[in-house]
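Welcome! Take a moment to look over the sequence and the 3D structure, and then we will walk through them together.

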Amino acid sequence: MAILKNIIPLVLPLALTACLEDFYPTVDTEPVLCVNSLITAGGPVEVSVTRSWVYDSPTAWQDRKVDDAIVKIYVNGDLQPEGYIAAEGDEIRIVVESRRYGSAEASVTVPVAVAIYEVTITPETVGSWRDPSMGMVGDVDFNLYASVSITDDAGADNFFKLDFGGWSAEDYDGNNNDFMYPHHPYTSFRPGEIQYDAEPIFNEHIGVFESVFGDSENMFMFFSDRQFAGKSYNLRLNFRDGYYSVNTANYDAALCDCYVTFELATISRSYYDRLLYIWHRDSGALGDMGDLGFAEPIWGYSNVSTGAGVVAARSIRTYSISLRDYLESVMPPL
């Protein structure tokens with residue numbers, strides 16, 4: 001036993017000792033063209049061309065330009081001049097050539113927009129305050145419960161991305177943008193923070209494996225029509241901690257005319273797959289396991305022939321709804 005007592009203290013330090021060595025990987029690959037374009041129906045086709053570089057290079061990211069790039073845009077098979085305005089249904093192929101970095105190409109179809117045909121909003125007052133000595137001074141805290149109805153076009157696999165916004169005097173940029181912020185500087189308005197878990201379709205891409213790890217948030221609000229192909233669907237959108245304030249000596253009911261705007265983008269499959277990749281990389285269990293070395297790293301998504309960049313397309317429809325009746329009922333004339 002005396003011998004064991006002497007050996008054990010020597011064994012443990014050896015077992016816990018690791019070898020450290022600096023490792024500088026050599027990537028045996030040549031730079032290739034990287035092509036990115038987000039095409040919006042009704043807007044010009046704009047293309048960004050750069051080159052790939054090794055991620056740990058200290059200077060390559062500062063010099064990604066491709067000065068000799070020649071960009072050609074084909075629409076339904078025909079070469080188009082610079083400034084072509086994309087239309088729904090266009091088959092667009094982008095071809096880029098460079099003497100130094102070779103060639104790259106990608107194709108995308110501009111989707112036909114699916115419109116929002118109805119929006120209903122039910123406000124819930126959380127609290128309100130009013131100064132009875134002033135004409136129109138006070139604020140309202142509220143929650144919103146919204147239903148956004150869409151009807152899917154049959155015969156096509158559609159993909160969507162939903163965004164929302166509201167007029168807010170706090171965001172006023174000082175450029176007299178009366179269309180976006182008509183009540184500046186008398187009011188401040190925000191629709192609140194959306195509760196992503198209120199609408200299950202935003203999580204349709206999350207499988208059992210991801211659910212086990214608690215992955216549920218979908219901040220991009222993208223989804224497909226796989227659950228309602230050729231049918232209607234009501235998106236349930238709940239907002240919490242909405243806010244409205246007004247400060248003016250003279251009562252003006254028009255100051256209650258604040259809007260929530262919903263923007264539904266019908267997006268190409270390449271756009272959807274790019275969003276899906278970002279979700280897995282930043283929020284999914286596989287991305288986390290890859291970062292820790294317990295799984296293979298997630299490869300970046302690309303539909304460009306070189307494997308670098310994404311060419312995507314979208315068609316957008318918007319729907320705005322006013323909260324004037326509600327805000328007037330909470331903030332009536334004294």
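Predicted model: local features only at pLDDT ≥ 70, side-chain atom pairs only at ≥ 80, totals over all residues.

## Two strands face to face

G165 stands opposite T261, a residue of β14.

As background, strands of a sheet pair through backbone hydrogen bonds, either parallel or antiparallel.

## The six-stranded sheet

Where do these strands belong? They are part of an open sheet of six strands, in the order β2-β1-β15-β14-β9-β12, and its pairing is mixed. The edges are held by β2 (48-51) and β12 (222-224); each has a single partner strand, so one side of each is left without a neighbour in the sheet. On average, neighbouring strands of this sheet are turned by 25° against each other, direction ignored.

A parallel pairing in this sheet is that of strand β1 (residues 33-40) with β15, over four bridges. Within it, L38 stands opposite A312 in β15. Helix α3 (residues 269-282) packs on the sheet and touches β1, β9, β12, β14 and β15. The direction of α3 makes about 125° with that of β12.

## The four-stranded sheet

Another open sheet is formed by four strands in the order β4-β3-β5-β6, with antiparallel pairing. Its edge strands are β4 (78-80) and β6 (102-109); each has a single partner strand, so one side of each is left without a neighbour in the sheet. Neighbouring strands of this sheet are turned by 25° against each other on average, direction ignored.

Look at strand β3 (residues 70-75) and strand β5 (residues 91-98), which pair in the antiparallel sense over six bridges.

## The chain as a whole

Now zoom out. The protein chain has five helices and 15 strands. Of its 334 residues, 38% are buried. The chain exposes about 19400 Å², and carbon and sulfur atoms supply 52% of that area.

How do contacts link residues along the sequence? Among contacts between residues at least 6 apart in sequence, 72% join residues at least 24 apart.

In soluble globular proteins, nonpolar side chains tend to be buried together. In this model, the largest nonpolar core has 38 residues, and the members that touch the most others are I121, F223, L237, Y244 and F262. At least two residues of this core come from each of β7 (116-130), β8 (136-151), β9, β13 (232-248), β14 and α5 (324-330). The biggest giver is β8, with seven residues.

To see one member up close, pick L237. Leaving out residues up to four places away in sequence, L237 touches L144, Y145, A146, V148, L162, I194, F202 and F262. There is also a second, separate core of 20 residues, and I39, A86, Y101 and V110 are among them.

## Two residues with positive phi

Most residues other than glycine have a negative phi, and most peptide bonds are trans. N76 is a residue other than glycine with a positive phi, near 55°. N76 lies in the loop between β3 and β4, and counts as partly exposed because its relative accessibility is 48%.

D241 is not a glycine either, yet has a positive phi of about 65°. D241 is located in strand β13. With 53% relative accessibility, D241 counts as exposed.

## Cysteines without a bridge

How many disulfides does the structure hold? The count is zero. A disulfide is a covalent bond between the sulfur atoms of two cysteines.

For a disulfide, the two sulfur atoms would have to be within 2.5 Å. C256 is buried, with a relative accessible area of 0%. C34 is buried as well, with a relative accessible area of 14%, because the cut-off for buried is under 20%.

Terms used. Residues numbered from 1 in each chain as written. Heavy atoms only, no water. Buried < 20%, exposed > 50% of the residue type's maximum accessible area, 1.4 Å probe, protein only. Pairing = 2+ DSSP bridges. Axes fitted to C-alpha atoms, helices over the stretch in contact; angles between N-to-C directions. Contact = heavy atoms within 4.5 Å. Areas by Shrake-Rupley, 256 points an atom, 1.4 Å probe, with all protein chains shown as cover. Core = buried A, V, L, I, M, F, W, Y, C linked by side-chain atoms within 4.5 Å.
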